[in-house]
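Me: Got a model open here and want to talk through how it packs. Can you take a few quick questions?

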Amino acid sequence: MLSLLNAAKAVLAVELGREEWRDNRALCAYCQVATLASAASAVLALPEARRALRRLLSR
């Protein structure tokens, strides 16, 4: 569940960055850092999500 939340946050951060660029033709430093942190969090959660999915499917 947490992995899904991390993935959703990463997608939202990218979408907000695209909106910021479309409206202002600029990206704030905070937005860039938040997007990178969200993407890193989602990537780091993948192994745990994979293990959880395997465990659920093996039942």
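Me: Which hand is the crossing where α1 passes α2?
Reply: Left-handed, as the near helix is turned anticlockwise from the far one by less than a right angle. Heads up: this is a predicted model, where local features need pLDDT of at least 70, side-chain atom pairs count only at pLDDT 80 or more, and totals for chains, interfaces and linings use all residues. Residues are numbered from 1 along each chain as its sequence is written, and side-chain values use heavy atoms, leaving out hydrogens and water.

Me: At what angle do the axes of α1 and α2 cross?
Reply: Roughly 155°, with the axes of α1 (residues 2–24) and α2 (residues 29–57) coming within 8 Å. That makes the two helices roughly antiparallel (angles over 145 degrees).

Me: What classes of residue make the contact of α1 with α2?
Reply: 8 nonpolar, 5 polar and 1 charged. On α2, Ser38 is among them.

Me: Ser38, buried or exposed?
Reply: Buried, because its relative accessibility is 16% (the cut-off is under 20%, with exposed over 50%, partly exposed in between, using a 1.4 Å probe and protein chains only). Ser38 touches Asn6, Lys9, Ala10 and Ala13, not counting residues up to four places away in sequence (contact means heavy atoms within 4.5 Å).

Me: New topic: how many salt bridges?
Reply: The structure holds 2 (a side-chain nitrogen of Lys or Arg within 4 Å of a carboxyl oxygen of Asp or Glu). Glu15 pairs with Arg18, closest N and O atoms 3.5 Å apart, and Arg22 pairs with Asp23, also at 3.5 Å.

Me: How far apart are Glu15 and Arg18 in helix α1?
Reply: 3 residues, so about one helical turn. Glu15 is partly exposed at 35%, and Arg18 is exposed at 55%.

Conventions. Axes are lines fitted to C-alpha atoms, for helices over the stretch in contact, and angles run from 0 to 180 degrees between N-to-C directions. Helices (H or I, at least four residues) and strands (E, at least two) are DSSP runs, numbered from the N terminus. Angles under 35 degrees count as roughly parallel, over 145 as roughly antiparallel, 65 to 115 as roughly perpendicular and the rest as oblique. Ala, Val, Leu, Ile, Met, Phe, Trp, Tyr, Cys and Pro count as nonpolar, Asp, Glu, Lys and Arg as charged, and the others, Gly among them, as polar.
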